[in-house]
Amino acid sequence: MRIPNIDSIYSNGSSLTAGGGLYHTNIKNEYKKLYNVYWEDEKKVTYPQYVADYFECELTHDGQSGSGAPRLIRRTYEHIQKIGIDKARKTLFLFEITDPIHRIDFYSNKIDDYMVVNVRYDNDGEMNIVSAHHTISPTDSKYPNSFFKGEIEQDLWNYFKKYHNPIVYTNKFKGELVGLFTFLEFNNIPYFYMFENDTLKSSHKYVYDILDKKRKVILEDEGCHSSSHFCNRHKLTIKDELNGFTEDEHPGYFGYKKFSEVMIKNIKSIF
């Protein structure tokens, strides 16, 4: 089935979109053992791929584990600049938005590229973990994780300790996200979004009162807002599907299949 005037899909999000957890060799082997299914690239078994296959669209799957709203915003603008506005109007953009409080989009001169940087805080609000990767998924990694240990992570630790405030950083991207959606609306570029939580929506609620009616992915279950909520609610996480073999509660192989049906239904309701 084809969508009128749409020939491409662009998808962006965190591990909830990118197949987080499904890249581990032991997890893939356990799925093979239990269900006789296997994949090399975890993105091939996520909901964006199933949605693109259903609608016979070319897919740009730009989700990345460990990333959040800052990378999503940057990469979306970059993608539109690359393909041009006319092509963007024939592309359906799918966003699964996670808050940026510990998901930093950070450029490194050393690798001449952006890094996925995760900063964690303890219960007292003190920073206690800083980790950097080119990508968390081994499928796409250009550098071993050991490359970032030592000097890079220490430099990041010093920077975040002195110059980074997670609340200020998060508030900045509340406006950045509204700016992206306004840009898409102004240029008649179709998109859907879902928020893993409402952190980035709160101060612009009046905007989302309007946008939610036509742009928000609707899940029929109350309290479900994303693929993560959906798969947890329906016992379709990796942990559930592998019968406790792992504690990983990312969406599972069958969870993504089931969730893609929800996405397809939403898309059909608009087009």
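How many cavities of 30 Å³ or more does a search of the whole structure find? The search finds two. The structure is a predicted model, in which local features need pLDDT of at least 70, side-chain atom pairs count only at pLDDT 80 or more, and totals for chains, interfaces and linings use all residues. Residues are numbered from 1 along each chain as its sequence is written, and side-chain values use heavy atoms, with hydrogens and water left out.

**Cavities**

A cavity is a set of points, on a 1 Å grid over the protein atoms alone, where a 1.4 Å probe fits but cannot get out; lining residues have an atom within 4 Å of a point. Grid points are joined across faces, edges and corners, and a volume is the space filled by probe spheres set on the points.

| Cavity | Volume | Lining residues |
|---|---|---|
| Largest | About 50 Å³ | Tyr193, Met194, Phe195, Asp198, Lys201, Lys216, His225 |

For the classes, Ala, Val, Leu, Ile, Met, Phe, Trp, Tyr, Cys and Pro count as nonpolar, Asp, Glu, Lys and Arg as charged, and the others, Gly among them, as polar. The lining of the largest cavity comprises three nonpolar, one polar and three charged residues. In the second largest cavity, one lining residue is nonpolar, five are polar and three are charged.

Helices (H or I, at least four residues) and strands (E, at least two) are DSSP runs, numbered from the N terminus. Glycine 63 counts as buried because its relative accessibility is 2%, buried meaning under 20% relative accessible area with a 1.4 Å probe and protein chains only. Leaving aside neighbours within four places in sequence, glycine 63 is in contact (heavy atoms within 4.5 Å) with Ser11, Asn12, Gly13, Ala18, Lys43 and Arg71.

Histidine 61 belongs to strand 2 (residues 58–61) and, at 15% relative accessibility, is likewise classed as buried. Its side chain makes a polar contact of 2.9 Å with the side chain of threonine 46; such a contact is a pair of N or O atoms within 3.5 Å, of which, within protein, one must be able to donate a hydrogen and the other to accept it, and residues adjacent in sequence count only if both atoms are side-chain atoms. A polar atom of the histidine 61 side chain also lies 3.5 Å from the backbone nitrogen of glycine 63. Beyond four places in sequence, histidine 61 touches Ser11, Thr17, Ala18, Lys43, Thr46 and Pro48.

Methods: On a 1 Å grid over the protein atoms alone, a cavity is a set of points where a 1.4 Å probe fits but cannot get out, and a pocket is an open set with protein on both sides within 12 Å along at least five of seven lines; lining residues have an atom within 4 Å of a point. Buried means under 20% relative accessible area, exposed over 50%, partly exposed in between (1.4 Å probe, protein chains only).
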